[in-house]
Amino acid sequence: MCGIAGLWSAPAQGDDLCVRARRMADRLTHRGPDDGGTWAEPEQGVAFGFRRLAIIDLSPAGHQPMSSASGRFTVVFNGEIYNHVELAEQLRARGVSFRGHSDTEVALAAFEAWGVRESLPRFVGMFAMAVWDAERCELHLLRDRLGIKPLYVHRQGGTLAFASELKALREVPGFDGAVDEIALAEYFRYLYVPAPRTIYRSVSKLPPGTVLTVRDPASPAEPEPYWSVEERARAGRVQGFAGSDEDAVDALEEVLGDAVRLRLRADVPLGAFLSGGIDSSAVVALMQEQSARPIRTFTIGFDAAEHDESRLAAAVARHLGTDHREVRLTGRDALELVPQLPQIFDEPLADPSQIPTLLICRAAREEVTVAVSGDGGDELFAGYNRYAYGDAMIRRASRLPVAPRQLIGAGITSVPPTAWDRVHGGLSAILPMTRHRLAGEKAHKVGRLLRETSAGGMYRSLMSAWQTPPVTRLFTEPLRGAAALDAPSLERIEAMMLYDQQAYLPDDLLAKVDRASMATSLEVRVPILDHRVVELAWRLSMRHKLRDGTSKWVLRRVLERRVPRPLFDRPKVGFTVPLADWLRGPLRPWAEELLSPDRLDAAGHLDTSRIRRCWSDFAAGRSGQHLAVWTVLMYQAWRERWSA
């Protein structure tokens with residue numbers, strides 16, 4: 001796991017190139033504290049910078065930037081190719097020899113043997129790469145299939161630059177830091193900036209599963225897909241799964257077991273995150289099954305009981321025999337972490353679980369260099385509560401004429417969430433989703449859903465902090481992947497899942513994990529998001545995922561073969577924090593300062609009066625809009641850190 005950066009300038013900038021690349025890479029030292037390097041081709045104007053977190057082959061043979069045996073290809077590589085051992089065996093059969101045993105050297109040999117684009121389908125892993133082809137004078141920028149590893153691209157004045165994080169691109173001379181107001185509006189709705197946009201107008205995200213081939217840094221080029229989750233979803237639904245239910249469990253057990261096996265490869269200490277939920281418990285169970293010693297596991301606990309799964313995680317750990325650690329998170333801890341968030345997440349991100357994610361990564365890094373996570377199970381196996389109740393509500397709401405439906409929605413949202421909480425027992429007879437915790441917040445979600453005019457709009461409303469972003473200019477462009485919500489070949493829940501896999505997963509969840517882990521120099525591996533698991537999940541029918549009101553049916557059955565059902569068969573809690581309590585308590589003075597009229601006005605593009613009303617209503621307990629408040633706080637903190 002590493003940090004990569006580089007640039008290609010026309011005309012060539014000569015000896016300055018390595019200096020610039022080194023400055024960019026130095027901003028990423030947290031991603032790679034073990035080693036660093038630069039490489040340049042002055043005549044062409046190309047330079048790479050690199051910071052290394054040594055995981056595979058700790059010797060100098062793993063140093064980057066690295067060139068292939070013939071010198072044709074030079075690469076900087078962030079991530080891991082987990083099946084590099086098998087690929088090396090195939091390449092040795094073709095007469096290839098290796099100096100060391102790093103996956104980087106194997107990737108370069110693969111490029112020489114099969115070509116850059118032709119090698120990608122053979123890779124099992126997570127990666128962002130820059131590859132210079134000296135023979136063809138081409139720069140290839142690559143990103144893994146699911147978008148686990150980030151890659152940002154900056155174009156300006158005849159120079160193309162790339163980096164693992166935005167902060168490195170700010171070292172490019174003449175960097176344009178103007179805010180993209182469309183991206184900002186999308187951020188306020190969805191808590192993150194959807195690809196391909198970034199918060200900066202001059203920078204884009206390379207989409208997952210694509211290759212950007214550049215032949216002239218001054219000429220535009222578009223990324224081309226080599227793998228698409230949407231294509232795999234549609235193909236999987238057409239192909240289907242022909243076996244029995246037990247065959248489906250066997251198939252998932254086999255492919256997920258192999259994904260876990262590959263992710264146990266490391267030359268450094270390795271552990272796992274264990275929340276006690278289905279996903280992490282299944283992953284840890286498969287890890288422990290394949291390990292000769294107790295796996296080190298880490299969980300996080302909260303003082304608020306409705307958010308705390310630490311006791312359940314400890315019970316699973318005892319059953320599996322792991323070496324377990326628990327970290328507690330309080331409002332005071334959050335107060336200490338919050339000022340660091342803009343530096344770590346150098347694009348606005350308002351997913352509140354960024355706080356516990358950062359804390360557990362720090363705790364794990366004290367003992368291990370690699371941690372395995374259960375991320376991805378909700379998106380692949382219909383784990384979110386919003387899938388089932390969102391489908392039910394959209395179906396019911398669509399039967400009503402738009403005008404009365406919107407009137408009902410307005411009525412629901414006019415009642416404070418705290419009032420709905422008090423009457424949720426009676427409300428549950430009408431709105432089944434309120435049988436779960438946080439009834440008032442969920443009632444408001446339903447109210448906002450009813451006010452939308454289309455099925456796609458209804459689902460997007462469930463994902464939105466602000467239905468109308470609090471900016472002085474209004475943009476209505478849809479989130480990337482929104483077309484999937486109206487896909488006729490998919491069931492509605494499948495369309496929701498595809499939507500999340502295309503946008504929420506790479507741009508929120510995986511971005512959050514990448515920044516939090518790499519800020520602590522920790523590599524996080526996600527076996528559930530092995531592309532082979534994803535492809536199998538799309539071949540399975542909805543009844544393998546959601547059955548009789550139970551989500552993740554097939555994944556639960558895999559876990560049940562290893563862990564007694566009472567240890568995990570319970571309502572979903574999710575990796576959430578008591579943010580509302582914190583904002584009304586220990587974080588309130590900090591929030592009051594950032595949301596003062598003067599500081600809001602200084603941004604120049606925020607609707608100060610709307611934001612102040614939202615904050616006042618929330619602080620007084622008249623609304624539950626803590627996520628809306630958090631988006632503004634995270635933007636304000638980011639702006640004041642990076643716009644100066």
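Q: Why is Gln-354 called buried in this predicted model?
A: Gln-354 has a relative accessible area of 0%. Buried means under 20%, so Gln-354 is classed as buried.

Q: Where is Gln-354 placed, and which residues does Gln-354 touch?
A: Gln-354 belongs to helix α13, which spans residues 354-365. Leaving aside residues up to four places away in sequence, Gln-354 touches Leu-341, Phe-345, Leu-349, Lys-512, Trp-630 and Met-634.

Q: What makes the pairing of the side chains of Gln-354 and Trp-630 a polar contact?
A: The two side chains are joined at 3.2 Å.

Q: Why is helix α6 described as largely enclosed by the rest of the structure?
A: Helix α6 covers residues 181-190, and nine of these ten residues are buried, so the helix is largely enclosed. The buried residues are Ile-182, Ala-183, Leu-184, Ala-185, Glu-186, Tyr-187, Phe-188, Arg-189 and Tyr-190. They pack against α20 (455-462), α21 (492-519) and α28 (626-642).

Q: What is found at the N-terminal end of α6, and what follows the helix?
A: Asp-180 caps the N-terminal end, with a side-chain oxygen 2.9 Å from the backbone nitrogen of Ile-182. After α6 comes Leu-191, which has a positive phi, near 75°.

Q: How do you know that strand β1 is mostly covered?
A: In β1 (residues 2-9), eight of the eight residues are buried. Cys-2, Ile-4, Gly-6 and Trp-8 point one way, while Gly-3, Ala-5, Leu-7 and Ser-9 point the other way, and all are buried.

Q: What makes β1 a paired strand with β3 and with β9?
A: Seven bridges join β1 to β3 (residues 46-52), and the two run antiparallel. Five bridges join β1 to β9 (residues 159-163), again antiparallel. Pairing needs at least two bridges, so β1 pairs with β3 and with β9. Leu-7 has Ala-47 as its bridge partner in β3 and Ala-161 in β9.

Q: Why are β4 and β12 called edge strands?
A: An open sheet of six strands has the order β4-β5-β6-β7-β11-β12, with antiparallel pairing. Strands β4 (66-67) and β12 (224-225) each pair on one side only, and they are the edge strands.

Q: How do you know that β11 and β12 pair?
A: Two bridges join β11 (residues 210-214) to β12. The requirement is at least two bridges, so these strands pair. Thr-210 stands opposite Pro-225 in β12.

Technical notes:
Residues numbered from 1 in each chain as written. Predicted model: local features only at pLDDT ≥ 70, side-chain atom pairs only at ≥ 80, totals over all residues. Heavy atoms only, no water. Buried < 20%, exposed > 50% of the residue type's maximum accessible area, 1.4 Å probe, protein only. Helix = DSSP H or I, 4+ residues; strand = E, 2+ residues; numbered from the N terminus. Contact = heavy atoms within 4.5 Å. Polar contact = N/O pair within 3.5 Å; in protein donor to acceptor, adjacent residues only side chain to side chain.
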